[in-house]
Amino acid sequence: MRKIVWTIVILMILGLSFFMYEKETGKEPLATFTNISKADSMEEVAKAINMALKDGSDSNVTIKVSSKISEDELKRINYYIDTVQGNVKSLSTFSTAGRYRRVTFDTVRADSMYVYDAIVSGKEIPAEKETAKELYRKVESVLSNTVSASMSDYDKELALHDYLVNHCVYGESSDGDESEFTAYGALVNERAVCSGYAAAFHLLLSCEGIPVNFMVGEASSTDQNGVSSTQNHAWCQVQVSGVWYEVDPTWDDPVGEGQILSHQYFNVSDQILERNHSWEKKTGEKCSSMEANYFYRNGLYFSDYNNLTRQVGQELSAGNTVVEVAVNGLNMGENQLQGIFENTNVSHIMYSITGQDDYQILRVSTQ
């Protein structure tokens, strides 16, 4: 019995010595691996970080990450997480254990969370959170100048969508601070990637009491050379009059075509969005309606060619320089579009067609 006791004591001493060695050499003890989240994919890494961010404070999150996930992939973590809650400022890899390595992520609570608490609950923003205070002032200004209490939720959503698309440019931060992933980047710096657009839209709608979800998945696109690619992507789901819709403000702000405002992805159904977006359906709401879609709601969805050309012609003749409509299954070749001239007094037009099948977007411009 005495021999067993001494064995236990020796093992405890050796364990403590190992822990102290790890601490002094800057390593973290492998013995705590069993208490850390294990992740075999970037999605699982993001899930663990999202759970930590919901606690509402800056913190370090340590995760047991599969060695199959590269360092370059881990550095793109902000493309995967819910940046409405916060973002990762930096990461460190401390040690390995078999097929896994221990990675610590330095997370920062999003400024938008402090702003939301301040606007909705009157909670004071901590003195040291200068960027949160700056974002607060910007959000206050945007809301006071863009929406009013008399507007419907749909009208507020549309106004805030259009403000964001018109004022934000897609791109990365020139300061290298990863603000492009945040609402601050989209609203204050007016430069963001998809996560920033979605986070800003989420914040603005939330402050107006409109139900909204931050969505993460993938989006596929084809460039001018016909080359297809798939990238991580973020967008929103919005509830209007008790019905949920998909909204992608980033894709309503086309890149490389000047400052264009589109409504192609404003309040669409899952059926429309999943033609070029993919996501885990259980993470969001089911969106099956097109009732509050921009084109459906405003009488700008056409399946008859005569009505289409009449509407576009009338708007151009009235002095509108840009007309955007949705069409269902119509041939939009040059010969067919030539008919628009018969109903206008303009000398030339430019046009573009996006989408497919029963939801094509025709954009006609005299600029």
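Mentor: Two strands pair if DSSP finds at least two bridges between them, and strands are DSSP runs (E, at least two residues), as helices are runs of H or I with at least four, numbered from the N terminus. This is a predicted model, in which local features need pLDDT of at least 70 and side-chain atom pairs count only at pLDDT 80 or more, while totals for chains, interfaces and linings use all residues. Residues are numbered from 1 along each chain as its sequence is written, and side-chain values use heavy atoms, with hydrogens and water left out.

Trainee: What makes β7 and β10 a pair?

Mentor: β7 and β10 (residues 277-278) are joined antiparallel over two bridges, and at least two are required. In β10, Ser 278 is the bridge partner of Glu 218.

Trainee: Why is the aromatic pair of Trp 251 and Tyr 265 called edge-to-face?

Mentor: Rings of Phe, Tyr and Trp (its six-membered ring) pair if their centres lie within 6.5 Å, and planes under 30 degrees apart count as stacked, over 60 as edge-to-face and the rest as tilted. The centres of Trp 251 and Tyr 265 are 5.5 Å apart and their planes stand at 80°, so the pair is edge-to-face.

Trainee: Why is Tyr 265 called buried, and why is Trp 251 called partly exposed?

Mentor: Buried means under 20% relative accessible area, exposed over 50%, and partly exposed in between (1.4 Å probe, protein chains only). Tyr 265 has 7%, so Tyr 265 is buried, whereas Trp 251 has 23% and is therefore partly exposed.
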